[in-house]
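Reader: I should like to learn how to read the features of a protein model one by one. May we go through the structure below together?

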Amino acid sequence: TGTVATEVAVQANQSGTAAGVTVPAGTVLQSANGTAIAGTSVNMNVATAAKTATGDAVTLADVLPQGLNQGTDNLVRVPLAGASVTMADNQGNKIKKFSSPVTVNLNVPAGPGVAAGNMVSVSSYDEDTGTWKRDEFSAKLGALNTATNTFPLSFQTDHLTLS
């Protein structure tokens, strides 16, 4: 029936940044049209990249698709952090929606204009349509983690696109 039996959490770490996704137990995993997936197992991949990196490390600019600032609202968006989250069942069906929100956690690197308590707009990219969309919610930066020099950012979403 596409229902998650127990809570699932996946974390990715790279070059001082991290991203994670938590899917609560009882969540029905759905296709883009809202139909429950039919597979008996699921593969979830979470990837992240640092805003800046040294050596051959991948940066956020390397992985974010073009077009973040295309649109009609005249706002200039500056990416602070990002996560690529993909899920598919063992039959190859892509999981795009959830009956209950999943939690996405990101580490936002410290930098000019970035401070605890700042509200951050969340945008999503749909790889199937090739478009960015500003989500209808924002997320609040947590307190600076001095060990990693990052601010935690957490939000819930009911859809799966690049966030």
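Reader: In which strand is the place of Thr131?

Author: The model is a predicted one. Within it, Thr131 belongs to strand β8.

Reader: What is the overall pattern of elements along the sequence?

Author: The protein has one helix and nine strands. Their order along the sequence is β-β-β-β-α-β-β-β-β-β. Of the contacts between residues at least 6 apart in sequence, 65% join residues at least 24 apart.

Reader: How should one read confidence, and which element has the lowest mean pLDDT?

Author: Where pLDDT is low, the predicted coordinates should not be read in detail. Here the lowest mean among the elements, 68, belongs to helix α1 (residues 60-63), and the highest, 94, to strand β3 (residues 29-30). For the protein, the mean pLDDT is 83, with 81% of residues reaching 70 or more.

Reader: In what sense do strand β4 and β5 pair?

Author: Strand β4 (residues 42-48) and β5 are antiparallel, with seven bridges between them. One example is Asn45, whose bridge partner in β5 is Thr86.

Reader: How is an aromatic pair described, and how many does a search of the whole structure find?

Author: Such a pair is described by the distance of the ring centres and the angle of the planes. The search of the whole structure finds one aromatic pair. Phe137 and Phe155 form this tilted pair, with 5.6 Å centre to centre and 40° between the planes. Phe137 is in strand β8 (residues 131-140) and Phe155 in strand β9 (residues 150-159), so the pair ties together parts 18 residues apart in sequence.

Reader: What is the relative accessibility of Phe137, and what is the relative accessible area of Phe155?

Author: Phe137, at 25% relative accessibility, counts as partly exposed, while Phe155 is buried, at 6% relative accessible area. Across the protein, buried residues make up 36% of the 163 residues.

Conventions
Residues are numbered from 1 along each chain as its sequence is written. This is a predicted model: local features need pLDDT of at least 70, side-chain atom pairs count only at pLDDT 80 or more; totals for chains, interfaces and linings use all residues. Side-chain values use heavy atoms; hydrogens and water are left out. Two strands pair if DSSP finds at least two bridges between them. Helices (H or I, at least four residues) and strands (E, at least two) are DSSP runs, numbered from the N terminus. pLDDT is the predictor's confidence in each residue, from 0 to 100. Rings of Phe, Tyr and Trp (its six-membered ring) pair if their centres lie within 6.5 Å; planes under 30 degrees apart count as stacked, over 60 as edge-to-face and the rest as tilted. Buried means under 20% relative accessible area, exposed over 50%, partly exposed in between (1.4 Å probe, protein chains only). Contact means heavy atoms within 4.5 Å.
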